[in-house]
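Biologist: Hi! Could you walk me through this one? I'd like to start with a single residue and go from there.

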Amino acid sequence: FYEWERLEDGGKQPWHITRADGSPFAFAGLLASCRPPEGEPVQTCAIVTTDANRVLAPVHGRMPVILERDAEAAWLDPAAPAPDLLGLLRPLPDAEVALRPVSRAVNDARYDGPACLDPPTPAPRRDPAPRLF
């Protein structure tokens with residue numbers, strides 16, 4: 001997933017966050033369905049978040065709950081006791097998270113390919129304004 005760090009100059013630096021070993025992961029999510037008094041049924045979903053671990057905290061204060069592999073089946077089990085599920089809502093351990101800065105192309109909807117994972121390019125150097133004296 002991506003997260004954006006707010007920079008002192010007002011810009012944002014995107015970061016690509018993965019498991020340290022590069023393997024896929026599952027977010028904890030919620031799905032709800034309701035029927036308004038008038039109208040068609042509506043389905044909504046949300047990704048559950050938690051406090052950021054120490055690796056991600058300098059970039060952003062929260063992160064999605066990335067389920068431990070052995071917790072994925074429990075999260076999807078409708079019969080799982082709520083207290084057990086609440087215990088799964090914690091940050092992924094620091095050693096299991098990797099992040100790296102990536103190109104700002106990820107901020108542009110015209111890009112949807114490998115360029116989004118390119119390293120960031122340095123901001124153009126601005127020469128000081130010319131001076132007469």
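Predicted model: local features only at pLDDT ≥ 70, side-chain atom pairs only at ≥ 80, totals over all residues.

Biologist: Is Arg-19 buried or exposed?

Modeller: Buried: the relative accessible area of Arg-19 is 3%.

Biologist: OK, how many salt bridges does the structure hold?

Modeller: There are four. One of them joins the side chains of Asp-94 and Arg-54, at 2.8 Å from N to O. That pair also links distant parts of the chain, 40 residues apart: Asp-94 is in the loop between H2 and E7, and Arg-54 is in the loop between strands E5 and E6.

Biologist: How exposed are Asp-94 and Arg-54?

Modeller: Asp-94 is partly exposed at 22%, whereas Arg-54 is exposed at 69%.

Biologist: Let's switch to strands. What does E2 pair with?

Modeller: E2 pairs with strand E1 in the antiparallel sense, over five bridges, and Trp-4 stands opposite Pro-14 there. Five bridges also join E2 to strand E7, again antiparallel, with Thr-18 opposite Ala-98.

Biologist: What lies between E1 and E2?

Modeller: Five residues; the two strands form a hairpin, and Gly-10 in the turn has a positive phi of about 95 degrees.

Biologist: How many residues of E2 are buried?

Modeller: Six of its eight, so by the under 20% cut-off the strand is mostly covered.

Biologist: Last topic: which residues make up the largest nonpolar core?

Modeller: Ten residues in all, including Phe-1, Trp-15, Ile-17, Ala-52, Leu-56 and Val-97. Apart from that core lies another, of nine residues, among them Ala-28, Ala-71, Ala-80 and Leu-88.

Biologist: Which residues is Ala-52 in contact with, leaving aside neighbours within four places in sequence?

Modeller: Ala-57, His-60, Gly-61, Arg-62 and Met-63.

Biologist: What do nonpolar side chains tend to do in soluble globular proteins?

Modeller: They tend to be buried together in such proteins.

Key
Residues numbered from 1 in each chain as written. Heavy atoms only, no water. Buried < 20%, exposed > 50% of the residue type's maximum accessible area, 1.4 Å probe, protein only. Helix = DSSP H or I, 4+ residues; strand = E, 2+ residues; numbered from the N terminus. Pairing = 2+ DSSP bridges. Core = buried A, V, L, I, M, F, W, Y, C linked by side-chain atoms within 4.5 Å. Contact = heavy atoms within 4.5 Å.
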